[in-house]
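The sequence and the coordinates come first.

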Amino acid sequence: LLQDAHNSSVLNNDVLGAFLPSGHVAGLSRPVTIQFWHDRVLDTSNATCVFWQPGAGAGSAGSWSGAGCNTTHREGTVICHCDHLTYFAVLLLPAGTLSPAQLASLTHISTIGCSLSAAATLCTLLLCCFSSTPCPPPSCRQRLRDNTTRIHMHLLAALLLLNCSFLLSTLLATGAEGLCQVTAALLHASLLCALAWMAAEAFHLLLLLVKVYNIYIQHYLLKLCLFAWGLPTLAVVAAFVFKGDTYGYHTISTSEGYRNATIVPSARCWLTSPPAHYTTLCYAGLILLFNMLVLGRVAMILRRIQRQKGQARKDWVTVLGLTCLLGTTWGLAFFRFGIFLIPQVYLFTILNSLQGLFICLWYATVHRRSKQGSVSNTSR
């Protein structure tokens with residue numbers, strides 16, 4: 001009967017009820033002590049004392065809450081100190097689950113990072129527009145280089161859209177359901193487009209560095225646009241039209257999700273369909289695998305030309321810049337397990353929310369060097 005919507009696991013299935021005939025007891029100055037014995041190896045951070053809070057509505061059975069209870073651990077014993085009497089238990093949570101404090105800090109980091117990236121990508125787009133100048137009819141290799149800035153601009157536009165839609169997904173998570181679904185679809189489309197433009201960056205880089213002779217692809221940039229803008233948008237529109245419940249309110253579970261932690265923003269406008277989520281992961285995995293292979297190839301080429309004085313330092317700047325352009329840090333999403341969960345989530349949030357800012361700094365450095373005539377062909 002005491003099973004909540006999260007299907008929470010209770011230590012040894014033991015639930016202890018404590019009451020007084022006089023009625024409801026709460027707000028005790030000296031808390032009552034309840035001990036639960038066990039013979040298991042517990043992660044003390046995820047074994048927490050809770051009490052059963054009946055549901056307010058007719059259709060709600062209730063949920064576990066930790067308000068007014070403190071937890072201490074001894075060998076083979078979990079001790080609960082609570083300021084009221086009711087049904088008590090020790091709730092077991094999956095290892096590595098985020099706490100509300102961690103979720104709040106990650107939310108602040110992502111909000112600040114995405115805001116900085118949105119501003120930086122907008123500034124970089126303006127810099128690209130004003131710095132691009134027409135040039136005479138180029139050779140095949142020069143034509144590829146002329147498309148480099150345009151591809152950068154498309155990637156920056158996709159990242160700008162991604163950052164803005166992510167910020168909107170938080171703000172509109174408490175709004176109308178239809179508006180939240182539209183925002184979730186926009187966020188999904190911008191993510192797919194941004195990943196696709198990272199793949200386009202990798203493909204273009206491969207043409208510049210490896211296949212440099214007699215390369216001509218008719219309507220090259222148009223084809224890249226159809227791949228990176230057209231296909232993701234078409235997929236999202238199809239999902240939104242034919243299966244609208246793919247998008248909506250997405251609740252983020254925490255280690256204290258059963259508590260009344262309203263100060264923590266635990267909802268987003270995002271995917272609500274597990275198949276769509278796993279399809280997106282597979283799509284991102286294939287793109288990141290291709291990008292990492294290209295980045296490895298670039299590193300091998302740069303290693304062969306680092307004999308010149310001072311070249312090694314410039315090569316590292318180039319590799320770091322290409323890491324941002326190709327989005328290889330998004331691969332951290334696939335290391336979310338076990339002891340890696342908390343460090344991975346923080347690294348993923350920091351690096352990827354600031355991706356637009358990193359690209360802005362890298363592009364400004366390359367632009368300054370190119371104006372001085374000292375940038376290498378690889379950096380360009």
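Cys 193 is buried, with a relative accessible area of 2%. Cys 282, in contrast, counts as exposed, because its relative accessibility of 52% is over the 50% cut-off. These values, like the others below, are computed from a predicted model.

**Disulfides**

A disulfide is a covalent bond between the sulfur atoms of two cysteines. Searching the whole structure gives three disulfides. When the bonded cysteines are numbered in sequence order, the pairing reads 1-3, 2-4, 5-6.

| Disulfide | S to S distance | S-S torsion | Handedness |
|---|---|---|---|
| Cys 49 to Cys 80 | 1.9 Å | about -80° | left-handed |
| Cys 69 to Cys 82 | 2.1 Å | about 120° | right-handed |
| Cys 180 to Cys 269 | 2.1 Å | about -120° | left-handed |

Cys 49 and Cys 80 form a disulfide with an S to S distance of 1.9 Å. This pair links distant parts of the chain, 31 residues apart: Cys 49 belongs to strand E4 (residues 47-54) and Cys 80 to strand E7 (residues 77-82). Both Cys 49 and Cys 80 are buried.

Strand E7 also holds one end of another bond. The sulfur atoms of Cys 69 and Cys 82 are 2.1 Å apart and form a disulfide. Because Cys 69 sits in strand E6 (residues 69-74) and Cys 82 in strand E7, the bond ties together parts that are 13 residues apart in sequence. Cys 69 is buried, as is Cys 82.

The remaining bond to describe joins Cys 180 to Cys 269, at 2.1 Å from S to S. Here too distant parts of the chain are linked: Cys 180 is in helix H3 (residues 177-209) and Cys 269 in strand E10 (residues 267-271), 89 residues apart. The torsion about this S-S bond is about -120°, so the disulfide is left-handed. Cys 180 has a relative accessible area of 0% and is therefore buried. The relative accessible area of Cys 269 is likewise 0%, so Cys 269 is buried.

**Helices and annotated regions**

An unreviewed UniProt entry places the feature "transmembrane region" at residues 151-173, 185-209, 221-242, 276-295, 316-339 and 345-364. Two of these spans can be described directly. Residues 185-209 are 100% helix and 0% strand, with end C-alpha atoms 36 Å apart. Residues 221-242 are also 100% helix and 0% strand, and their end C-alpha atoms lie 31 Å apart.

The buried residues of H5 are Ala 276, Thr 280, Ala 284, Ile 287, Leu 288, Asn 291, Val 294, Leu 295, Val 298, Ile 301 and Leu 302. An α-helix has 3.6 residues a turn, so residues three or four places apart point the same way.

H3 packs against H5 with the axes 10 Å apart, at an angle of about 25°. That angle makes H3 roughly parallel to H5, because angles under 35 degrees count as roughly parallel. The crossing of H3 past H5 is left-handed.

Definitions and conventions:
Residues are numbered from 1 along each chain as its sequence is written. This is a predicted model: local features need pLDDT of at least 70, side-chain atom pairs count only at pLDDT 80 or more; totals for chains, interfaces and linings use all residues. Side-chain values use heavy atoms; hydrogens and water are left out. UniProt positions are given in the numbering used here, feature names are shortened, and annotations may be inferred rather than shown by experiment. Helices (H or I, at least four residues) and strands (E, at least two) are DSSP runs, numbered from the N terminus. A disulfide is a pair of cysteine sulfur atoms within 2.5 Å. Buried means under 20% relative accessible area, exposed over 50%, partly exposed in between (1.4 Å probe, protein chains only). Axes are lines fitted to C-alpha atoms, for helices over the stretch in contact, and angles run from 0 to 180 degrees between N-to-C directions. Angles under 35 degrees count as roughly parallel, over 145 as roughly antiparallel, 65 to 115 as roughly perpendicular and the rest as oblique. A crossing is left-handed if the near helix is turned anticlockwise from the far one by less than a right angle, and right-handed if clockwise.
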